Amino acid sequence: MNEPRKPMISQRKLPQQARSTASVAIILEAATQVLAKEGAQRFTTARVAEKAGVSVGTLYQYFPNKAAILFRLQSDEWRQTTDLLRGILEDTDKPPLQRLRALVLAFIRSECEEARMRVALDDTAPLYRDAPEAHEARASGHRAMQTFMAEILPKASPASRKLAGDLIVSTFSAVGKQFSESPRTAREIEHYAAAMADMFCAYLERLGGA
């Protein structure tokens, strides 16, 4: 029995000129608004084209279907999150634990700001969870965390560093998602992030001392 054919999720063509780049940016901004308002189930290329003020034909010049648009939005989200993580962890002008605290706050704040979009994108995750971009985003984040672990735990064994890094990344993903499912005030975010950072810092200080 033949397996169902998966939809194409790559862009039809990459913009080469400023006008084309601007058109793609407008389409993606419209897609973000439609997705946040309508959710993945009611997300269509026709709605995106209408919101962007372009014809469906113009949209199809760059994206062959709605899966390709959603994949681009998800890829951008992966890249932004990874850049955020790496930018903070690699700022060696600041002490390691200060960087970790900054990372926790930035991550939790980002999770809350992007909660509606993330929930909508999660509905379409089966389309591209195994895409190369997904693997690279996860791998890049883990590499940055492991480099940080080597810096903050120079005397710990490689196995202990890996465990610590994996534990922190997994906790980020699970706890951040759960916390952001309800609307949060700025004060709630700061208090929650501070408590979470206290937990991580105590754990790492214990490992470092051991």
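Predicted model: local features only at pLDDT ≥ 70, side-chain atom pairs only at ≥ 80, totals over all residues.

Residues are numbered from 1 along each chain as its sequence is written, and side-chain values use heavy atoms, with hydrogens and water left out.

**Overall fold**
- The protein chain has 9 helices and 0 strands, where helices (H or I, at least four residues) and strands (E, at least two) are DSSP runs numbered from the N terminus.
- Of its 210 residues, 40% count as buried, that is, under 20% relative accessible area with a 1.4 Å probe, protein chains only.
- Among contacts (heavy atoms within 4.5 Å) with a separation of 6 or more, 70% are between residues 24 or more positions apart.
- The accessible surface, from the Shrake-Rupley method with a 1.4 Å probe, comes to about 12,300 Å², and 54% of this belongs to carbon and sulfur atoms.

**Helix 4**
- Helix 4 (residues 66-89) has 24 residues and reaches 35 Å from its first C-alpha to its last, close to the 34 Å expected at 1.5 Å a residue, a span taken as 1.5 Å times one less than the number of residues.
- The N-terminal end of helix 4 is capped by N65, a side-chain oxygen of which lies 3.2 Å from the backbone nitrogen of A67.

**Helices 5 and 7**
- The axes of helix 5 (residues 96-113) and helix 7 (residues 132-152) come within 10 Å and cross at roughly 145°, with axes fitted to C-alpha atoms over the stretch in contact and angles running from 0 to 180 degrees between N-to-C directions.
- In this pair, P96, L97, R99, L100 and L103 of helix 5 meet M145, F148, E151 and I152 of helix 7, and by class the contact has 7 nonpolar, no polar and 2 charged residues.
- Here Ala, Val, Leu, Ile, Met, Phe, Trp, Tyr, Cys and Pro count as nonpolar, Asp, Glu, Lys and Arg as charged, and the others, Gly among them, as polar.

Terms used. Buried < 20%, exposed > 50% of the residue type's maximum accessible area, 1.4 Å probe, protein only. Polar contact = N/O pair within 3.5 Å; in protein donor to acceptor, adjacent residues only side chain to side chain.
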